Amino acid sequence: MIDPLPILQSTFGFPGFRGVQESVVSRVLAGENTLAVMPTGAGKSLCYQLPAVVLEGTCVVVSPLIALMHDQLRAATAIGIRAATLTSVDTDQMETIARFRRGELDLLYVAPERASGGAFRDLLSQAKLALFAIDEAHCVSEWGHDFRPDYRLLRPLLDAFPHVPRLALTATADAHTRADILEQLGIPHDGMIVAGFDRPNIQYRISPKDNVTRQIADLVAEQPGPGIVYVQSRAGTEKLAEALAKTGRKVRAYHAGLDPAVRARNQADFVASEDMIICATVAFGMGIDKPDVRFVAHAGLPKSIEGYYQETGRAGRDGDPSIAHLFWGADDFAKARQRIGEVELHRQAGERTRLTALGALVETSGCRRRILLKHFGDDAPANCGNCDNCLNPPAAIDATEVARKFLSAVFRTGQSFGVGYIESILTGQSTERSLMNGHEALSVFGIASSPEEAALIKPVSRALLLRDALRANDFGGLEFGPEARAILKGEAEVSLIVAPKRERRRRGAQVA
Ligand code: ADP
Ligand code: ZN
């Protein structure tokens with residue numbers, strides 16, 4: 001077998017392999033089918049680019065996004081690799097096809113839609129192939145968080161060239177998805193190589209939302225370096241950017257709806273800056289190489305643990321201490337559940353499992369890192385010493401009684417009022433509405449009026465929404481979910497995690 005080290009040094013300019021790269025490359029050079037599960041930033045591209053240079057023939061790379069392919073193409077061409085993309089927006093398709101036929105391409109990037117077609121298969125039979133690389137391979141699995149039906153159609157293409165090795169790559173795959181990738185792409189179980197997922201320099205923190213703009217302003221005040229704040233909506237990125245600008249920090253917004261020139265400039269400014277904050281939708285970050293991001297904040301629940309890990313993974317690639325702070329609201333869970341109800345039936349179970357995993361991560365009083373690493377199948381100590389719960393262990397208090405009172409108030413008032421109204425009933429505050437509705441005569445009126453119980457009402461409502469004991473309708477009215485009965489009947493307990501007092505830090509710059 002050829003020694004890849006000289007090429008690694010001369011073509012790529014790296015002194016040595018990192019982590020599992022060496023084992024992955026060795027398998028590929030030996031012609032073995034492989035699945036490489038490596039976190040973002042671990043250097044997946046090298047695992048196929050190096051063999052592409054070393055081996056005779058072309059390496060066909062299946063990749064889901066045109067923008068990603070063009071980034072890769074630029075990077076590969078810059079170091080002298082003979083590469084091309086074959087996508088609908090390329091005007092040099094004829095030339096690329098001719099180059100491929102003449103055996104002049106090391107790398108040929110193509111989207112799954114094209115790769116799975118008959119015409120492409122004919123083309124591939126006209127020159128020598130070195131390797132199939134299937135990037136973002138989790139797209140092949142319905143269990144994955146980003147299923148792309150066209151990935152399913154790749155198998156016949158791969159099988160048509162049985163002597164060409166396959167290398168599937170992904171950053172994000174739970175055990176179920178990994179098994180599915182192996183099965184779908186015909187890779188043996190012992191052909192899977194998983195890199196360690198731990199990012200020890202990232203400090204994980206998760207808090208319930210409580211004026212999220214102020215909470216993020218506090219974080220920004222604590223952390224002077226560059227940071228990314230993920231916001232769920234386009235309008236939300238601009239609003240938050242405006243509010244954060246009042247702290248005196250440089251701030252930009254980034255989302256797919258911005259004028260392309262503005263978007264590109266905001267991104268370039270951020271990459272060049274040492275102290276800028278960018279408020280972005282999840283569209284931001286793919287393919288961006290900025291090693292000194294000091295914090296990543298989420299102003300709302302991410303889509304999945306995979307998404308969370310990938311997004312937070314953009315912090316601290318240089319290995320220096322960094323913070324990942326997620327702020328979640330009970331309504332995030334309610335909305336996510338509603339969305340699940342709207343997807344195709346056969347995908348609902350997978351989506352529900354993903355949401356439950358996220359719920360466990362935010363709800364735990366134990367180590368966050370442990371939950372993350374376990375999710376990706378890594379071993380982890382019980383206490384990492386670098387997450388909010390390990391640094392300031394929270395106390396759990398039994399809130400079952402308040403939860404039952406809350407549920408009965410929801411029931412007695414006809415399952416149509418919001419959290420604020422239920423709170424006023426439970427604490428016995430007479431309002432025009434409660435008088436008009438005749439709710440002051442209910443037995444639940446004023447039954448949680450002690451300051452201790454009253455303080456638990458809002459957190460209890462969040463816990464009940466998160467557990468699906470309550471659901472919010474389109475107008476914010478609360479109704480029972482499937483978990484309500486067991487709590488009301490005394491068969492299930494509700495405990496609340498109370499963040500230690502000193503977590504409620506001094507206010508940073510005041511923001512409206
Ligand atoms: P991934 O696709 O896994 O997120 P990339 O392939 O984009 O990661 O690589 C991440 C960064 O690591 C890039 O800047 C790349 O140049 C660098 N890199 C890759 N392999 C090595 C290596 N062996 N030594 C040093 N740097 C490397
Ligand atoms: Zn921990």
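Of the 84 residues in the largest nonpolar core, which touch the most other members?

Tutor: Keep in mind that this is a predicted model. The residues in that core that touch the most other members are V229, C279, F406, I422 and V460. Setting aside neighbours within four places in sequence, V460 is in contact with A399, V402, A403, F406, V494 and L496. Notice F406 in that list: it is another of the residues that touch the most core members.

Now the helix itself. α22 covers residues 451-466, and its 16 residues should span 22 Å at 1.5 Å a residue; the end C-alpha atoms sit 24 Å apart, which agrees. There is a bend of about 35 degrees at I457, with a proline, P459, following within four residues. Buried residues of α22 include L456, I457, V460, L464 and L465. Just past the helix, D468 has a positive phi of about 65 degrees.

V229 and C279 bring us to the strands. V229 stands opposite C279 in β11, and 4 bridges join β9 (residues 227-230) to β11 (residues 277-280), the two running parallel. Both strands belong to an open sheet of 6 strands, ordered β8-β13-β12-β9-β11-β10 with parallel pairing. Its edges are β8 (202-208) and β10 (251-254). Helix α13 (residues 260-272) packs on the sheet, touching β10 and β11.

Key. Residues are numbered from 1 along each chain as its sequence is written. Chains are lettered from A and ligands numbered from 1 in the order in which they are written. This is a predicted model: local features need pLDDT of at least 70, side-chain atom pairs count only at pLDDT 80 or more; totals for chains, interfaces and linings use all residues. The expected span of a helix is 1.5 Å times one less than its number of residues. The bend at a residue is the angle between axes fitted to the seven residues ending there and the seven starting there. A residue is buried if 20 or more other C-beta atoms lie within 10 Å of its own, exposed if 12 or fewer, and partly exposed in between; C-beta atoms are placed from the backbone. A nonpolar core is a set of buried Ala, Val, Leu, Ile, Met, Phe, Trp, Tyr and Cys residues joined through C-beta atoms within 7 Å. Two residues are in contact if their C-beta atoms, placed from the backbone, lie within 7 Å. Two strands pair if DSSP finds at least two bridges between them. Axes are lines fitted to C-alpha atoms, for helices over the stretch in contact, and angles run from 0 to 180 degrees between N-to-C directions.
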